[in-house]
Structures are given as structure tokens and as C-alpha cells.
Amino acid sequence: MSNMNKQIAQLAPQEIWANFVALNEVPRPSKKEEKVRQFMLNYGKSLGLETFEDKIGNVIIKKPATPGMENKTVIALQSHLDMVPQKNNDKEHCFETDGIDMLIDGDWVTADGTTLGADNGIGVAAIMGLLASKDIPHPALEALFTIDEETGMTGAQNLEEGILDATIMLNLDTEEDDELDIGCAGGIDITATRSYEQKDADKSGKAYKITVKGLTGGHSGMDIHLYRGNANKILNRLLYNPSAKGLQVAEIHGGGLRNAIPREAQATVVLPVDKADKLLQEMKDLSETIKTEQAVQDPEMTVLFEAVDMPEKVMDYDAQCKLIKTIYVAHNGVFRMSPDMEDLVETSNNVASVNVADGKIQIDNLTRSSVESTKTDLANNLKSAYELGGFEVKLDGSYPGWKPNPKAEILAVMTDLYTKMYNEAPKVVACHAGLECGIIKSHYPDMEMISFGPTITGAHSPDERVNIKSVQKFWEYLKETLKNVPDK
């Protein structure tokens with residue numbers, strides 16, 4: 001463990017920070033949770049608590065009520081074990097083998113060039129602290145640690161029914177410490193694929209690698225309304241006019257995870273020798289225009305044009321034209337704002353990744369909506385655009401949203417408690433992100449749910465950080481909530 005990680009483990013409350021540091025020593029990228037699942041099983045068993053996995057690999061740890069709390073409602077505490085594995089290009093890090101190198105930056109904890117894993121590691125660490133506690137009053141607890149939240153929510157979708165007795169669930173996976181979340185968006189993965197003919201590159205031309213990088217990125221749900229640049233769309237915009245004037249595309253690689261706004265994209269292209277200088281200057285001029293447009297949202301945006309070795313093959317021109325036009329019209333960003341809740345994005349899409357190489361194209365999208373009908377509408381919109389471009393389109397991984405219940409008893413309890421503790425009412429909101437609450441509620445339809453957490457910014461990007469004072473506030477509020485849950 002590094003000296004900095006040791007310092008972080010000593011922050012208050014140690015019940016959270018020491019567990020968070022221990023958790024971040026364990027590799028846990030989505031769909032690679034074997035090590036963290038075993039870590040959590042060992043943790044529960046070391047405390048002498050009932051500990052087991054369900055059939056999909058979610059870990060459940062149950063702890064009896066403390067004396068005097070036996071008649072209180074059983075509470076499920078839920079967080080997900082996996083984290084988004086994103087890093088800066090110049091950072092050497094393997095998320096499958098390496099722990100997270102953390103830093104203290106003023107009032108914040110962040111990571112050195114990678115995602116931090118505060119989403120949802122702080123929630124996991126808080127639950128660990130409660131499970132190990134000897135002097136915190138609480139009702140009977142059922143800790144539910146789900147897997148694969150970030151890339152499909154398959155843990156929540158395949159959660160075994162009947163293994164939980166709780167009638168109230170506290171989900172610890174939101175990112176503003178003055179908010180109580182009572183609803184969220186559902187989502188669907190949209191994948192467009194096609195093949196294309198390759199032809200020999202024009203060897204008399206000039207080859208370049210065009211790289212768009214330094215964008216702010218962020219969470220493709222929570223940050224989608226901020227109009228941060230999408231590297232795939234920006235790169236495509238740079239290629240659009242030159243493509244009609246003789247530019248040839250050899251390869252494109254942009255973006256990555258569906259739930260992260262793409263921060264980087266690059267293309268290898270060949271320019272006709274007689275137009276190379278002019279086309280290159282046109283793209284440079286346009287890149288400066290785009291940088292001006294995005295100066296507030298993406299102040300570190302950079303576009304590089306580097307001469308490279310001539311590729312052997314490029315795309316057939318017809319396929320290239322259809323690709324570029326299709327990406328141009330594919331909707332990205334906010335599609336519809338909610339008419340029911342102020343400032344809530346109802347429906348959006350993230351053109352998350354574009355890969356073109358060796359005769360194959362794949363474009364990955366994540367469409368989100370809190371309304372099933374508009375989710376379907378935007379999915380059909382995108383499906384139509386891609387099919388017109390000659391793509392085969394697969395719709396997969398659909399999951400439901402979580403319909404708000406403003407009359408839930410636990411909401412009244414937590415609202416009153418927050419107001420008494422902090423002399424102001426909390427913000428009761430719904431979020432444009434894929435919390436697991438809606439899916440878990442499909443297995444346990446009578447369960448009341450609230451989601452809350454400390455202040456985290458930059459989730460799903462190497463800029464992720466968590467506020468130290470906010471973690472303290474979150475911990476105190478969580479403990480008081482458990483003291484004040486309703487009777488059975």
C-alpha cells in the first residue's frame with residue numbers, strides 16, 4: 001500500500017475510508033469481478049455473519065439487529081462491486097491486475113490518471129463499516145453487493161427472488177449529498193454492425209492520423225445535459241467534407257464504454273496528393289472552430305494531425321460515405337426533457353464507440369429514458385438511421401426505469417431527518433442514470449427504495465473524485481437513518 005493510500009485510510013470516518021482503501025487494492029472492472037466477489041465473501045465470513053452468493057454472483061451478507069432494534073423494519077443496503085475502468089492514454093495501468101493509486105487533492109480524494117472507483121466503492125465501503133460495527137444501532141441488515149452494474153446490470157437483472165426479507169432498500173449509489181433520489185432512467189444497448197469492401201490505398205497520397213483528445217467526458221446519463229463534446233461525433237465532423245473531396249478512411253477507433261461520454265477518438269486517413277495540404281488545412285481550421293464552440297465544456301480539447309506510414313487498405317468509398325453520413329445523423333445527447341420534473345433529462349443517447357478496421361464496423365450506443373415509450377421512440381430513430389446506412393442493428397440489454405413514489409414512508413422519514421440535521425430540506429429528485437433500483441424492484445415489487453450518497457464528480461472518467469467532508473456527512477446521515485426506520 002502506498003503512503004498516500006495509508007493517509008487516505010486514516011481520514012474520518014475511518015469506518016468508510018479504511019474499507020475504501022482496502023477495496024481499491026482489489027481489481028474490479030465490470031465483468032471481471034471474481035477477485036472482489038471473493039474479497040467480499042471473505043469479509044462477511046470473517047465477521048461471522050451469514051454470507052453467500054446467489055446464482056449470478058451477487059454477494060449477500062446478513063446481520064441481525066442490534067439490541068432494542070429487533071422490531072424495526074428489515075433494511076437492505078445495496079451497492080455494486082464493479083467500477084468503470086477508464087484511464088488517460090499516458091497512464092500505465094491494468095485494471096485487471098492493479099489496484100487504484102489514490103491522491104488527496106485539497107478537500108477531495110481522486111486517483112492518479114484513472115477512474116477512482118468511488119462510484120460505487122464509497123457505498124460498498126460504508127456498508128462494510130456497518131457490517132463490522134459494534135456500537136452503531138441498526139435494524140436487521142441485508143447487504144446486497146451486486147455485480148456488473150456498469151456494463152449491463154446483469155447482477156440486478158438476475159437477482160434471485162426470495163433471498164431478501166427487507167421491505168425497504170437504501171441504495172448508496174448517487175452523487176450529490178443533498179439529494180434523495182426516488183426514480184431513475186431505464187436503458188437499452190443499440191449496436192450497429194456492417195462489413196465493407198477494402199481497396200488498396202492511394203500510395204501517391206499522404207497518410208495522417210487524426211486524434212481528438214482531452215475532452216471532459218463523464219457519465220453518459222448524469223452529464224449528458226452538459227453538452228460536453230463527444231469525440232466520435234467531433235471526429236466524424238472533421239471527416240465529413242474532406243471525405244467528399246477524396247479523403248480515404250483506413251481505420252477509426254473512438255470511445256469505449258457505453259456509459260461514458262467518449263473523450264478520445266482517432267482516424268487513419270489518406271489524402272490525395274494534389275489536395276492534401278488544402279484538405280489538411282480545412283480540417284485544422286474546423287478543429288479550431290469546434291474548440292471555440294466547446295471552450296467552456298471542454299477547455300482541454302486537442303486535435304492532432306500527424307503524418308504516418310501509408311496503410312495498405314482503405315474503405316470502399318460507398319461504404320465510407322454511408323458510415324460518415326450515418327454517424328452524422330445518429331442522435332447524440334438529450335432527446336427530450338421531462339415535462340413532469342424540472343431539469344430532468346427524460347431521454348438521451350450516447351454514441352459511445354466507433355470501430356472501423358479490417359472490413360468490419362461496429363458502433364455502440366446507450367439509449368436512456370425514464371419513459372418506456374420515448375425510449376422505444378429514440379431506439380427506433382437510431383435503428384432507422386443505422387439501417388439506412390446499411391447496418392444490421394441489435395437492440396439488447398433493455399432494463400426498466402424506476403418510477404418515483406413520492407408517498408413512500410421511508411422518504412418522509414428521511415426528508416424530516418435531513419431537515420432536522422441540516423436545517424434545510426433535501427432535494428427530492430429523479431436521475432437520468434441507470435440505478436439498479438428499478439430492476440431490483442421488478443424482483444421485489446413491494447419494496448420501498450431511496451438512493452443517496454456523498455458528492456462525487458467526474459464519475460466514469462479519470463477526473464472522478466469524491467468530497468471528503470461529504471463522505472462524513474453521508475456517514476452521519478446514513479447512521480441516523482438506520483436509527484429512525486419505521487417499525488415492522
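Setting aside neighbours within four places in sequence, I8 is in contact with W17, V21, M102, L103, I104 and V109, where contact means heavy atoms within 4.5 Å. The model is a predicted one, so local features need pLDDT of at least 70 and side-chain atom pairs count only at pLDDT 80 or more, while totals for chains, interfaces and linings use all residues. Residues are numbered from 1 along each chain as its sequence is written, and side-chain values use heavy atoms, with hydrogens and water left out.

I8 itself sits in helix α1 (residues 3-9); helices (H or I, at least four residues) are DSSP runs, as are strands (E, at least two), numbered from the N terminus. With 0% relative accessibility, I8 counts as buried; the cut-offs are under 20% relative accessible area for buried, over 50% for exposed and anything in between for partly exposed (1.4 Å probe, protein chains only). Along the chain, I8 and L271 are 263 residues apart, and their C-alpha atoms are separated by 52 Å.

Next comes a helix pair. Helix α2 (residues 14-24) packs with helix α12 (residues 468-483) at an angle of about 120°, their axes 10 Å apart. Axes here are lines fitted to C-alpha atoms, for helices over the stretch in contact, and angles run from 0 to 180 degrees between N-to-C directions. The two helices, α2 and α12, are therefore oblique to each other: under 35 degrees counts as roughly parallel, over 145 as roughly antiparallel, 65 to 115 as roughly perpendicular and the rest as oblique. On the α2 side the contact is made by E15, I16 and W17, and on the α12 side by I468, V471, F474 and W475. W17 also turns up among the contacts of I8.

Helix α6 (residues 231-244) holds Y240 as well as S243. S243 is buried, at 3% relative accessible area, and touches Y317, Q320 and I324, not counting residues up to four places away in sequence. Y240, by contrast, counts as partly exposed at 35% relative accessibility. Together with Y328 and V329, Y240 forms a nonpolar patch on the surface, with about 300 Å² of accessible area in all. Patches take residues with over 30% relative accessible area and no salt bridge, joining like charges within 9 Å and nonpolar side chains (Val, Leu, Ile, Met, Phe, Trp, Tyr) within 5 Å. A salt bridge is a side-chain nitrogen of Lys or Arg within 4 Å of a carboxyl oxygen of Asp or Glu, and accessible areas come from the Shrake-Rupley method with a 1.4 Å probe, with only the protein chains shown counting as cover for residues.
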